[in-house]
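Please open the structure in a viewer and keep the selection panel at hand.

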Protein chains: 2
Amino acid sequence: MQGLATVLAGIPLAAILVGPDDRIIAANQGARDHFGQGLEGRHLLTALRQPDVLEAIEASLRDRQPRKITYQTSEAGRDSSFQVHVGYVETLDARGTLVCFEDLTEREHAAQMRRDFVANVSHELRTPLTALMGFIETLQGPARHDQAAIDRFLGIMQSEAARMERLVRDLLSLSRVESEERVRPREEVNLGQVIGSVLHALRPLARDRACEITFEAPDGMIVRGNDDQLQQVFTNLIENAIKYGGTGNHITITLERIARDATLRAPAILARVRDQGPGIEPLHIPRLTERFYRVDTHRSREMGGTGLGLAIVKHIVNRHRGRLRISSTLGEGAEFSVILPQWDRQEA
Amino acid sequence: MQGLATVLAGIPLAAILVGPDDRIIAANQGARDHFGQGLEGRHLLTALRQPDVLEAIEASLRDRQPRKITYQTSEAGRDSSFQVHVGYVETLDARGTLVCFEDLTEREHAAQMRRDFVANVSHELRTPLTALMGFIETLQGPARHDQAAIDRFLGIMQSEAARMERLVRDLLSLSRVESEERVRPREEVNLGQVIGSVLHALRPLARDRACEITFEAPDGMIVRGNDDQLQQVFTNLIENAIKYGGTGNHITITLERIARDATLRAPAILARVRDQGPGIEPLHIPRLTERFYRVDTHRSREMGGTGLGLAIVKHIVNRHRGRLRISSTLGEGAEFSVILPQWDRQEA
C-alpha cells in the first residue's frame, strides 16, 4: 500500500477518493466492508447509488467547496443512517474528492431504544396503576361497607403494588449492571456454592409447584465474578424454570469444566439449567433477552414477571466476559447455559 | 491550502499529520479547535500531553502498524473521552503518522444520562409505592375496622397513586416530544387563544390560591406550531407561577411582537409569564429544565410536581425552533419567557 491509500487506511471511517474522471482512486477497509471489494478503478455510478451523494461529489469537483449530506438506507432488513462528508483534495499523488461516511446508525438506534424503553416502562406501570386507582375509588364508594369485598380488593391491590415494586427494583438492577458492564468483577466465586444458596432460597417456590430439582456439581467450580450478581443470574434462571416449566416439572442443574471454550478462547465453566416444560418456540429465542420482550405477556404478568429478568442475566453475564446460550425443543423443555471463564490464578 | 492539508480538511474528525522528526506537518480545523492554533511545525511534545498517544505515534513511525488508544481528559471542568487512531502514511508529499481523534464524549454522556434517568424514575416511583404498600398493609390489619382511618388513608392513597400517574403521563409526553424534536410543527397557531384557553382551565386552581392573573395580548399573535404542545407549555408555566408564587400572588402574562430576535434571526413573538413570588436563586436557574431537578424537592412533591414540567417545556420550545428564557430577582418574583418565530406566510 502506498500514496493516498495509506492516508485513507488511517481514517477510522469508511472513506473513498474519487478522481476528476469520476473513477474511484482509492478506498479503505471501511468502504470495502460497506460497498464491497474491488472499488478501485470503478466508476462512481457503479459503486454508489445515492443521488444526493453523487451530486455533492460532482459539485465539489467543480467548486472545491466541502459538503455534508445525510442519507438513510435499508439493506438486508437493517436501517442504517449516514452522514457523508465530501471535500476537495489536491496532493502530488492525485486530485479529486475525499468522501467519508460517518455511520450515525448506532447513535440513532440508542436514542430510539431509550424512547422505546420509556414507553415500555410507562406502559408496564400504567396497567397496575389504573387497577390500583380503580380499587381505591371502589373502596371509597360502592364497597365502603362490604368487608368481604374490601379484603379481596386489598389482596389484589397488594399484589399489583408488589408487581410495580419488583419492576422498579429490576429497573434499578439493570441500570446498575449496565453502568458497571465494562468493569470486570475480580472476586473469586464458587459457582457450586452460589447455586446451592439460590436453590435453598427457592425451595418454598419449588415445593409449591411440586417441582423436583437435581443439582450436580464437581468441587472447585471457581470463576472470577461478583457473588451477588451471579446469585441474581441463577435466581432468575432457576425461578423461570420453576415457573414456566409447569407443575410436576423436573429441573436438572449441572456444572462442568470446559478445557477451552471456542468463543471465550479460555478454559471455562459451563452451568446448565434444564427444564422439562413445554419449551420455547425458535422464533422467540433470539429475542428473549430484550427488555420487556415476552413470549406470552398475559402468562408472564400472571407469574409476576417484570419482563426484565433475562435482560439482567444477559448484562451480568456480559460483565463477567461470559456468554448465555439458550436452546429448546418444543414439548421437551428448554436449556439455559451460562459459560464463564474459569478462575485463573495468573490473572489475579 | 494544498497537499495533505487538503486531505486532512476532508476528514470529519480532529486530525494531525506528524512527520518522522516528531513535528506536526498538518492539522485540520477539528484539531485546531481542540489543541489550539498554530500547530503546524510544532514539536509533538508541545502540542499533545497524552503519553499513550505519544508512544503509539512513535511506535507506528517505527513499525508502520496502525494503533488505537483511548484516553480521558478533564479540561475546564468538562470530562471528555477520545479514541485515537494512529496510522503510518507515505505519499509523494510527505511521510509520517496520521492521528485521528474520535470524540466518544457525547456517546458516553448519553449512556450516563440514560442510567441517571432510570435511577431517577425508579426513585420517584419508589417513594409513593412504599407509602401505598404501607397503607394497604395497615388497612388489612390494624385499621381494619376503623372507618375514620380507612377514609383518611384511602384519601392519601388516591393522591399518591395520582402522583404516580402524573409521572407516567409526563414521562410519555417527554419521550414523545423528544422523538419529534427534529420535525418542526407546521400549523398556524394563535398564541393569544392558546393562553386564553389555558387560563380558563386553570381558573379553579388560581381561585384556590387567591391568585390574580392579568393577561394582555394584541391581536394576531400567530406562530408556526402545534396547538396541543403550546397549550402544554403555557399550562406548565402558568401552573408553576400559581403554585410557587405563593397565596395572593399577582401573575402578569403578556404577548408582544419583536421585529427581529437576535438569536432566532427572525421576527418573533415574546410570551412572558411573570409572578411576584419569592423568586429563584441564581444558581438554580441554569438547571431548572433538567429532568428531575428541583429547587426544593419536598415542596415540589407537596405541590404534586413530577420534576419533568420544565424539561417538557424546553423540548417543546426547541421543537418549535424557539427559546426559553428564565430570569428572577430574589424576593421580587420570576419571569419565564418563551420566544417563538413569528408565523411567516412565505414559509408555509
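How many nonpolar, polar and charged residues does the lining of the largest cavity have? By class, this lining has six nonpolar, two polar and two charged residues. Here Ala, Val, Leu, Ile, Met, Phe, Trp, Tyr, Cys and Pro count as nonpolar, Asp, Glu, Lys and Arg as charged, and the others, Gly among them, as polar.

This is a predicted model, in which local features need pLDDT of at least 70, side-chain atom pairs count only at pLDDT 80 or more, and totals for chains, interfaces and linings use all residues. Residues are numbered from 1 along each chain as its sequence is written, chains are lettered from A and ligands numbered from 1 in the order in which they are written, and side-chain values use heavy atoms, with hydrogens and water left out.

**First stop: the largest cavity**

Select A:Leu139, A:Arg144, A:Gln147, A:Ile150 and A:Leu154, together with B:Leu139, B:Arg144, B:Gln147, B:Ile150 and B:Leu154; these residues line the largest cavity. Helix 6 (147–180) of chain A and helix 6 (147–180) of chain B are the elements that give two or more residues to this lining. Helices (H or I, at least four residues) and strands (E, at least two) are DSSP runs, numbered from the N terminus. A cavity is a set of points on a 1 Å grid over the protein atoms alone where a 1.4 Å probe fits but cannot get out, and lining residues have an atom within 4 Å of a point. The volume of the largest cavity is about 80 Å³, where a volume is the space filled by probe spheres set on the points, joined across faces, edges and corners.

**Second stop: A:Glu178**

Stay on helix 6 of chain A and select A:Glu178. Why does A:Glu178 count as buried? Its relative accessibility is 16%, and buried means under 20% relative accessible area (1.4 Å probe, protein chains only). A:Glu178 touches A:Arg291, A:His315, B:Arg114 and B:Arg115, leaving out residues up to four places away in sequence. Contact means heavy atoms within 4.5 Å.

A:His315 is one of the buried residues of helix 10 of chain A. Eight of the eleven residues of this helix (residues 309–319) are buried, so it is largely enclosed by the rest of the structure. Its buried residues pack against helix 6, helix 8 (227–244), strand 11 (323–329) and strand 12 (333–341) of chain A. Just after helix 10, A:Arg321 takes a positive phi of about 60°.

Next, select A:Thr289, in the loop between strand 10 (266–274) and helix 9 (297–302) of chain A. A:Thr289 is buried, with a relative accessible area of 14%. Beyond its neighbours within four places in sequence, A:Thr289 is in contact with A:Leu310, A:Ala311, A:Lys314, A:Leu324 and A:Ile326.

Select A:Phe234, A:Ile238, B:Phe234 and B:Ile238, the residues with the most contacts inside the largest nonpolar core, which has 126 residues. A nonpolar core is a set of buried Ala, Val, Leu, Ile, Met, Phe, Trp, Tyr and Cys residues joined through side-chain atoms within 4.5 Å. Apart from it lies another core, of 24 residues, among them A:Leu4, A:Ile11, A:Val89 and B:Leu17.

**Last stop: A:Phe82**

Finally, select A:Phe82 in strand 4 (residues 78–90) of chain A. A:Phe82 is buried, with a relative accessible area of 5%. Its contacts beyond four places in sequence include A:His34, A:Tyr71, A:Phe101 and A:Leu104. The C-alpha atoms of A:Phe82 and A:Leu104 are separated by 5.3 Å, although these residues are 22 residues apart along the chain.

Note on methods
Buried means under 20% relative accessible area, exposed over 50%, partly exposed in between (1.4 Å probe, protein chains only). On a 1 Å grid over the protein atoms alone, a cavity is a set of points where a 1.4 Å probe fits but cannot get out, and a pocket is an open set with protein on both sides within 12 Å along at least five of seven lines; lining residues have an atom within 4 Å of a point.
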